[in-house]
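Reader: Could we go through this structure together? I would like to begin with the charged side chains and then turn to the strands.

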Amino acid sequence: GAASVAFAFAVAKAEPGDQDEGGEGEGFARLCVGASRVLDNNLGGLGPRAQDPEELRYRMVRPGVDLVITARGAYRPRLAYMNAFSHQYGQINVALGTRAELSFRFLQNGGQEPVVL
C-alpha cells in the first residue's frame, strides 16, 4: 500500500506576487504551494524524473523563493510519480510501513542560497 502526505503553506488562497495583507500574525509569511510548479521531482533519487537533482522543488512558492524538500536518510515511496500536487496542496508519497525524515528549505528561485522569510 501507499500513504501520501499532503501539505500546504498558504494561509489564504494566494497567487505568486500577491502582497501580504497582514492578519497572518507576526512572524508568518504567505506561501502558496498550489500556485507554484514543480521544477525538480526526484525525491531521494527515486524518480519519477531521474535526471533531476535528488529533491522535490516547488518553484516560486513566494516571489523569488522556492521550497526544496530533500530526504534525510532512507525514503521509500510506493508511487513516486504521485509526488508533486494533490489539488492545491503539495504531496509526497510514502510507502506504508516506512517512515521518511525530510528537510524543508526555502531557497532563492532556481538557486541554492537560503532565504529567510
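**Charged pairs and strands**

Author: Glu55 and Arg57 are both buried. Please note that this is a predicted model.

Reader: How far apart are the closest N and O atoms of Glu55 and Arg57?

Author: The closest N and O atoms are 3.1 Å apart, and Glu55 and Arg57 form a salt bridge.

Reader: Which side chain meets Asp40 in a salt bridge?

Author: The side chain of Arg57 does, with an N to O distance of 3.8 Å. Asp40 belongs to strand E2 and Arg57 to strand E3, so this pair ties together parts that lie 17 residues apart in sequence.

Reader: Are Asp40 and Arg57 buried or exposed?

Author: Asp40 and Arg57 are both buried.

Reader: Which residues are linked in a network of salt bridges?

Author: The network links Asp40, Glu55, Arg57 and Asp66.

Reader: And how many salt bridges are there by this rule?

Author: The count is five. One of them brings together the side chains of Arg72 and Glu101, at 3.5 Å from N to O. That pair links distant parts of the chain, 29 residues apart: Arg72 is in the loop between E4 and strand E5 (84-86), and Glu101 is in the loop between strand E6 (89-95) and strand E7 (102-108).

Reader: Is Arg72 buried or exposed?

Author: Arg72 is exposed, because its relative accessible area is 52% and the cut-off for that class is over 50%. Glu101 has 41% relative accessibility, so Glu101 counts as partly exposed.

Reader: Turning to the strands, how do E2 and E3 run?

Author: Strand E2 (residues 37-41) and strand E3 (residues 56-62) run antiparallel and are joined by four bridges. Within this pairing, Val38 has Tyr58 of E3 as its bridge partner.

Reader: What is the bridge partner of Tyr58 in E4?

Author: In E4 the partner of Tyr58 is Leu67. E3 also pairs with strand E4 (residues 65-71) in the antiparallel sense, over four bridges.

Reader: How many residues lie between E3 and E4 in the hairpin?

Author: There are two residues between them, and Gly64 in the turn has a positive phi of about 80°.

Reader: Where is confidence lowest and where is it highest?

Author: In the protein chain, strand E1 (residues 2-7) has the lowest confidence, with a mean of 52, and E4 has the highest, at 95. For residues 8-20 the pLDDT is below 50, and this stretch has 22 contacts in the model beyond near neighbours in sequence.

Reader: What does the pLDDT of the protein chain average?

Author: The average is 81, and 75% of the residues score at least 70.

Methods: Residues are numbered from 1 along each chain as its sequence is written. Side-chain values use heavy atoms; hydrogens and water are left out. Two strands pair if DSSP finds at least two bridges between them. pLDDT is the predictor's confidence in each residue, from 0 to 100. Contact means heavy atoms within 4.5 Å. A salt bridge is a side-chain nitrogen of Lys or Arg within 4 Å of a carboxyl oxygen of Asp or Glu. Buried means under 20% relative accessible area, exposed over 50%, partly exposed in between (1.4 Å probe, protein chains only).
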